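Hello,

Here is the structure I promised to pass on. Please open it first, then read my notes below.

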Amino acid sequence: MRRSLCTGAQPLLFVNRYAMEVERFCKSCGLSRPQGTNEPLDHVATECEFLERLAFSVASGAEVADGAWELPGGSAEAAYGQFVDEHAGVWFKEFADSLATTAEHPFYRAVAMYLAAIS
């Protein structure tokens, strides 16, 4: 568990409507924040990892067969499209544009291109 260097307190998790929607969507796909952690599921890196998991599921044919999860749209492919439409696609493009114009390091310019391609 990470603690603040200044106070020894655990960092706050900012909860808003968007963060809760992302968390509910992830849970419907069988993912949630590990017990005892305070990592936001609506962070750009986490959303990319989530999309990667859905894309891998589609590409590998490893759809959830046992019915343990109720994937939005009924499949990983549909869930991927819905997540992009309702979440990632809503803000990735603007974030990518801003990152592309302000990034000084090639890595972050590449990240901007990647995010723009997703949105």
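**Helix α1 against helix α3**

The axes of helix α1 (residues 17-28) and α3 come within 12 Å and cross at roughly 165°. Helices here are DSSP runs of H or I with at least four residues, strands are runs of E with at least two, and both are numbered from the N terminus. Axes are lines fitted to C-alpha atoms, for helices over the stretch in contact, and angles run from 0 to 180 degrees between N-to-C directions. α1 and α3 are therefore roughly antiparallel to each other. The cut-offs are under 35 degrees for roughly parallel, over 145 for roughly antiparallel, 65 to 115 for roughly perpendicular, and oblique for the rest. The crossing of α1 and α3 is left-handed. Left-handed means that the near helix is turned anticlockwise from the far one by less than a right angle; clockwise would be right-handed.

Which residues make the contact? From α1 come Y18, E21, V22 and F25. From α3 come A79, Q82, F83, E86, H87, A88 and W91. Contact means heavy atoms within 4.5 Å. By class, the contact of α1 with α3 has seven nonpolar, two polar and two charged residues. Ala, Val, Leu, Ile, Met, Phe, Trp, Tyr, Cys and Pro count as nonpolar, Asp, Glu, Lys and Arg as charged, and the others, Gly among them, as polar.

**How to read it**

This is a predicted model, with residues numbered from 1 along each chain as its sequence is written. Local features need pLDDT of at least 70, side-chain atom pairs count only at pLDDT 80 or more, totals for chains, interfaces and linings use all residues, and side-chain values use heavy atoms, leaving out hydrogens and water.

**The whole chain**

The chain has four helices and zero strands. Along the sequence the pattern is α-α-α-α. Of the 119 residues, 24% are buried. Buried means under 20% relative accessible area, exposed means over 50%, and partly exposed is in between (1.4 Å probe, protein chains only). Take the contacts between residues at least 6 apart in sequence: 59% of them join residues at least 24 apart.

**Helix α2 and its partners**

The axes of α2 and helix α3 (residues 76-102) come within 10 Å and cross at roughly 150°. α2 and α3 are therefore roughly antiparallel to each other. This crossing is left-handed. Residues of α2 that meet α3 include V44, L51 and V58. Their α3 counterparts include Y80, H87 and F95. The contact of α2 with α3 has 16 nonpolar, two polar and two charged residues.

Now α4. The axes of helix α2 (residues 44-60) and helix α4 (residues 106-118) come within 12 Å and cross at roughly 55°. That makes α2 oblique to α4. α2 passes α4 in a left-handed crossing. Here V44, C48 and L51 in α2 meet Y114, L115 and I118 in α4. The residues of this contact are six nonpolar, no polar and no charged.

Is H87 buried or exposed? H87 is in helix α3. H87 counts as buried because its relative accessibility is 3%. Leaving aside neighbours within four places in sequence, H87 is in contact with Y18, E21, V22, F25, E47 and Q82.

R109 lies in helix α4. R109 is partly exposed, with a relative accessible area of 37%. With neighbours within four places left aside, R109 is in contact with A103 and E104. The C-alpha atoms of R109 and L99 are separated by 6.9 Å.

Best wishes
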